[in-house]
Amino acid sequence: MSTSKAIAAASGMLRNRLKSTIRVRGGGGGGGESRWSSEGHQEKPNGYLFNRTPPPPGQSRKWEDWELPCYVTSFLTIVILGVGLNAKPDFTIETWAHQKALERLDAQKNIALSNADFTTAEESA
C-alpha cells in the first residue's frame, strides 16, 4: 500500500509542476518578466532585420568574424556537391539491365549475321 501512496504523491507533485509550467509559458506575468527572459536581457524589436540598425550613409557594414568562413564553406560545399553528384557513376538496376539487354541484342545480331554469312557461303559453293 505504501508504494501506491508514494506513486500517487509523486504523480500529484508532477501534475502540479506541469500545471505551473504551462501557466508561465502561456504568457502570464504582465511586467515583461517571464520564466525565460527578464528585463534587460532581451532587446526589444526595432523594426530592422536581425535587430541591427543600418550603418550611416556612405559606410558599409563591417563583417563579423564568423561570416567569411561560413560563406566560403557554404560556397565550397555547393560546388563540391554539384560537381560530385553530377559526376557520380550510375549504378541503378535499370541502367545495368539496359546495358545487359543491349549486350544480348548485339550478341543475337552477331549470331544472325554469322548464320546469314554461313548460308550465303553454302549457296555460292
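Student: What should I keep in mind before I start?

Tutor: The model is predicted, so local features need pLDDT of at least 70 and side-chain atom pairs count only at pLDDT 80 or more, while totals for chains, interfaces and linings use all residues. Residues are numbered from 1 along each chain as its sequence is written, and side-chain values use heavy atoms, with hydrogens and water left out.

Student: How many helices and strands are in the chain?

Tutor: Helices are DSSP runs of H or I with at least four residues, strands are runs of E with at least two, and both are numbered from the N terminus. Here there are three helices and zero strands, in the order α-α-α.

Student: Is E67 buried or exposed?

Tutor: Buried means under 20% relative accessible area, exposed over 50%, and partly exposed in between (1.4 Å probe, protein chains only). E67, in helix α2 (residues 67-87), has 2% and is therefore buried. Of the chain's 125 residues, 3% count as buried. I80, also placed in helix α2, is exposed because its relative accessibility is 60%.

Student: Which residues does E67 touch, not counting those up to four places away in sequence?

Tutor: Contact means heavy atoms within 4.5 Å. By that rule E67 touches R61 and K62.
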